[in-house]
Amino acid sequence: MVDSVEKGNMTSGRIEYLEPYRAEDVKKILEPIVEEWFFNKFDDFSLTQLYGVKTIYDRKNILISAPTGGTKTLTAFLGIINYLVGLALKGELEDKIYAVYTSPLKALSNDIFVNLEMPLKEIRELAKKKSLKMQEIRVGLRTGDTTASERAGHARKVPHIYVTTPESLSIVLTTKKFVDNLNALEFIIVDEIHAMANKRGVYLSLTLERLEEFSLITPVRIGLSATISPINEIAKFLAGEGRDCLIADVKLNKKIDIGLISPAKNLIEADSAESQKELYRILDNLIENHKTTLIFTNTRAATERIIHYLDLHFPKKYEGFIGAHHSSMSKEKRFEIEDKLRKGELKVVVTSTSLELGIDIGNVDLVVLLRSPKGVARALQRIGRAGHKLHENPKGRFVVLDRDDLVECGVLMKNMIEKKIDNVEIPKNPLDVLAQQIYGMAISKVWKADDMLKTIRRSYCYSDLSKEDFLAVVSYLAGDYALEHRNVYAKIWYEPSTGEIGKKGKLARIMYMTNIGTIPEEGFISVVISAPVAKMGQVVGKIDEAFLEKMKRGDVFVLGGAKYQFIRSQGMKAYVIADVSKNPTIPSWFSEMLPLSFDVAVDIARFRGLVAERIKDKEECLEFISEYLYCSGEAAEQIYEYMKEQAKFSEIPSDKTIVVEKFKGDKEYLLFHSMFGRRVNDALSRAYGFAAARLRHRDIEIGINDNGFFIAGEKLDENKIINYVNYKNLELILKEAIEKTDVLRRRFRHCASRSLMILRSYKGRTKSVGKQQMHSHFLLAAVKKISNEFPILQEARREVLEDVMDIKKTKEVLRWIESGKTKIKKIRTPMVSPFGLNLILQSHADLIKMEDRAAFLKRMHKLQMSIIEGK
């Protein structure tokens, strides 16, 4: 039944792949009443259940990875329900929590009702019919929305299965009396584990270690995941250090029905009024021919725009049958849309990213992806929303709106069909999360520092945490950095002579419970004019924090149709110069754009290289594109024309060649065709931009996207700029380049809040995001004076370099360049090349109306073609 793939050393445990059990073996372990209930409802076990039910019954850690709609939740609960029913029939069910189910979603109630409460109710009724005496199996739900009376109910009648979020679970561990109900916990289910490759997941991994340490028995860990990679790493993350874990990699034979659609025969004209009309006609046609359609856009603004224009093009047709769903909407409004979807009352729902995760949303039979979702796992997750039921096949259509989008979605489609999933990376050793959890641990009891460190290191995320970093965080929490003048007081005590750690102050538990969690609060920034003097002090509007974070001093952006140049920020204000004549450098939707995954970006670069080898033979090239990308002849023709224009104008960049084009515009431009995704391009552009500034180039402008970046200035020396940066000095350059940036200031506030340096709530009063930012501003200055290696400042830098950017992959790219695996080819061009057009255009996006954009693209294309023809 088990196929070993990795024999771990002393610390890492064994990670093994599992084969499914035979149905009769699974049937054997079921209580007769559970068996009868199950086969009254279902014809047979699903493949996922053949993998999981008996493994859970045998008390083995398991990670179940299956596509959306693969019965994962019921698989996890079935083995546990069966065990509890057996105890309940014997009258042996105790007043304790047997199983904890945790999920990052608050909107759990409906799913839990379907997969847990309904089965229990039906089994209870069956027992009644058979005159069997059976104790009641209780389910308790605790999230941030649970009322005080509901929580009190849990304390009076202890639930046997406890359903909660990572944050609420952590609160329970510091709740004096209730926590005793967890001291003989037998099962932990972690749902949506693929959505936990972030600081929230790191936080949960430490909570699981605290649970394990507290419990008298070792609970079985059950992870439920959509398709994810690298699956071995996720299994280690679930099990923790030194524990075995089985992997059920469930390959449901669901055929993905997927295709590419474009509203224009020539994507250069995709923004024309005619093509826009065609786009909405296509959407209307797709909606018309399906029961319920889910349209994913990548931004909230696009979500609202699609709804507006569908109504404009088809007046009253969708009234009452269309809904929007995104994170800026109120919880009530989102729940209402989810409920209507489940009941089949809506014909179409348009969403940004908020409906990607697991809640059951009823009978969606088509998913439309408007623009690239930027990653294979995300695309599969979205398309899996159609065909969410076990035997239904997912159906999706990419609607592409420009030529880069066409190539990107083509490669994504290929990887989806070939099941080539992009890798996720789990943050390692975040010191802000560590600080919060050490505080929680100290509240629970007095610890020996060595025992505490041992428990922390059992988490996969902290397995190689240095004692030095651990003690630095303990030192900060114990008040050794003398930050009282900035209202940061000691939260724990540490006695080096005995090595003991405990909590300080009577309000510790309340303080911890009201400031728990890892998701930072975001606010809006007021844009204030600094110059000219006549307009000084005027507030011209608001931008969101994520947008400010992407801005550098000197960036020009558009707000309310006018251009402003960013100078500096203080607290929740951004100071700008009005009436600027410079071109914008950053579009307003930039903060919401998802970054393209590095793996997909490299696959696109490789595809470009393969096309470049065949570009001279049109017939062979078209056949290759169609076969390689599984796309239509029409799509292949458009891709071929795009590539051919680039080849004739300049050169096709690939995985082996980074093309750097130098041309004159309003300034001199160096445009790097570096197809590595935005996170790597962010790091490279900052490093080369820093080099340009060091080499005395003034007024440097930078623009980035997934496909490349540009540096603009006067008389740029590309050789000196490129040679300045190498993989050995990259980290040093970037640390210096980010030191005075808004991105570091904002991230420091997030880290300060997570590590409880800044309290969001204290003695019943909440601190606004603006006040938190002001406090953070003064704290950062104070911390830098005391120590440049202060642990929370170190963490803010790590977050910028590793989570916002991707310094690891950037170093890899620079190694490729230095080893000659990837070459840099510098070319002088008369203007921007076809591949560079979107990058240059994106900064002007807010100023150019749709029709003007179409005309601009047409004009630029005409110029490029005349240059090609003149060669």
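Mentor: Helix H26 is largely enclosed by the rest of the structure, because 12 of its 13 residues are buried. Buried means under 20% relative accessible area, exposed over 50%, and partly exposed in between, with a 1.4 Å probe and protein chains only. This is a predicted model, where local features need pLDDT of at least 70, side-chain atom pairs count only at pLDDT 80 or more, and totals for chains, interfaces and linings use all residues. Residues are numbered from 1 along each chain as its sequence is written, and side-chain values use heavy atoms, leaving out hydrogens and water.

Trainee: Which residues of H26 are buried?

Mentor: Among them are Asp 742, Arg 746, Phe 748 and Cys 751. Helices (H or I, at least four residues) and strands (E, at least two) are DSSP runs, numbered from the N terminus.

Trainee: How is the span of H26 judged against what is expected?

Mentor: The expected span is 1.5 Å times one less than the number of residues. H26 (residues 742-754) reaches 18 Å from first C-alpha to last, close to the 18 Å expected. Just after H26, Leu 756 takes a positive phi of about 65°.

Trainee: What is the strand order in the open sheet of five strands?

Mentor: Strands pair if DSSP finds at least two bridges between them. The order is E26-E27-E25-E24-E30, with mixed pairing. The edge strands, E26 (701-704) and E30 (823-828), each pair on one side only.

Trainee: In which sense do E24 and E25 pair?

Mentor: E24 (residues 657-664) and E25 (residues 668-673) are antiparallel, over six bridges. Val 660 stands opposite Phe 672 in E25.
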